[in-house]
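Subject: Structure handover

Hello,

My notes on what turned up in it follow below.

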Amino acid sequence: DEKIRKIADELAVSFSAGLHPTVEPANWKGQAGFRLFVSHLSLAKDKATRLRDCLKDHGILAFVAHEDILPALEWQSEMERALGTMDAMVAILTPGFAKSHWTQQEVGFAVGRGTKVISLKMGEDPVGFIAKQQALSRQRKSAEEVAKDIVRLLESDHRTSEKVAEAKRRALQDAEIPF
């Protein structure tokens, strides 16, 4: 599967775990970068959006459903496309996250695909399959500091290290353009 994924990446074709072609969501079309799905409650969309914006400087394209689904598109299909083409997931664990059917399905989708999931503890502990790994605690860190922590975690995981390194290289090259 990994060799097929690498070939698909070189050809700019995305595949889900079942190797069925998938289509990326509209906000990711034509953009190169590491694709991160941000699972969150609607009450935490401001936090998710702020984190998304901080990750962009690192070449990470974060998908925040409440902000990134373009008008007139079917929201559930766009979410499924983002889940099917994500490189990793961050679960923002605010109070009530574990009780949300939507967030639990998103996390389950990622776990079922074998996708890297980072639990960001913001008032709630991880539950279920993601509870076996230590969560990243926000503590009193700024969104920029949390973004750097997430990048470090992605760089240290065999499933994501190469792709996040390439995304960072592209972001640095783009930053060198004088306009």
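Asp 157 counts as buried at 10% relative accessibility, while Arg 159, at 40%, counts as partly exposed. Please keep in mind throughout that this is a predicted model.

Salt bridges

The search over the whole structure gave 14 salt bridges. One of them joins the side chains of Arg 52 and Asp 68, at 2.6 Å from N to O. Arg 52 belongs to helix H2 (residues 45–56) and Asp 68 to helix H3 (residues 65–68), so this pair ties together parts that lie 16 residues apart in sequence. Arg 52 is buried, its relative accessibility being 18%, and Asp 68 is buried at 9%. The pair also belongs to a network of salt bridges that links Arg 52, Asp 53 and Asp 68.

Another salt bridge is made by the side chains of Lys 141 and Asp 149, again with an N to O distance of 2.6 Å. Asp 149 has a relative accessible area of 12% and is therefore buried, the limit being under 20%.

In soluble globular proteins, nonpolar side chains tend to be buried together. Here the largest nonpolar core contains 25 residues, and Leu 36, Leu 51, Leu 55 and Ile 150 have the most contacts inside it. At least two core residues come from each of strand S1 (34–39), H2, strand S2 (60–63), strand S3 (88–93), strand S4 (116–121), helix H6 (143–155) and helix H7 (161–175). H6 gives the largest share, with six residues.

For Leu 36, the contacts beyond its neighbours within four places in sequence are Trp 28, Leu 55, Ile 60, Leu 61, Ala 62, Phe 63, Ala 88, Met 89, Val 90 and Ile 150. There is also a second, separate core, which has 18 residues; Leu 61, Met 79, Ala 82 and Ala 110 are among them.

Helix H5 holds Glu 106, a buried residue with a relative accessible area of 7%. Setting aside residues up to four places away in sequence, Glu 106 touches Phe 37, Ser 39, His 40, Met 79, Leu 83 and Met 89. Ser 39 is 67 residues from Glu 106 along the chain, yet their C-alpha atoms are separated by 6.8 Å.

Cavity

Rolling a probe the size of a water molecule over the atoms shows where empty space is left. In this model there is one cavity of 30 Å³ or more. The largest cavity holds about 40 Å³ of space. Its lining is formed by Leu 93, Phe 97, Gln 104, Val 107, Asp 125, Pro 126, Val 127 and Ile 130. By type, six of the lining residues are nonpolar, one is polar and one is charged.

Regards

Definitions and conventions: Residues are numbered from 1 along each chain as its sequence is written. This is a predicted model: local features need pLDDT of at least 70, side-chain atom pairs count only at pLDDT 80 or more; totals for chains, interfaces and linings use all residues. Side-chain values use heavy atoms; hydrogens and water are left out. A salt bridge is a side-chain nitrogen of Lys or Arg within 4 Å of a carboxyl oxygen of Asp or Glu. Helices (H or I, at least four residues) and strands (E, at least two) are DSSP runs, numbered from the N terminus. Buried means under 20% relative accessible area, exposed over 50%, partly exposed in between (1.4 Å probe, protein chains only). On a 1 Å grid over the protein atoms alone, a cavity is a set of points where a 1.4 Å probe fits but cannot get out, and a pocket is an open set with protein on both sides within 12 Å along at least five of seven lines; lining residues have an atom within 4 Å of a point. Grid points are joined across faces, edges and corners, and a volume is the space filled by probe spheres set on the points. Ala, Val, Leu, Ile, Met, Phe, Trp, Tyr, Cys and Pro count as nonpolar, Asp, Glu, Lys and Arg as charged, and the others, Gly among them, as polar. A nonpolar core is a set of buried Ala, Val, Leu, Ile, Met, Phe, Trp, Tyr and Cys residues joined through side-chain atoms within 4.5 Å. Contact means heavy atoms within 4.5 Å.
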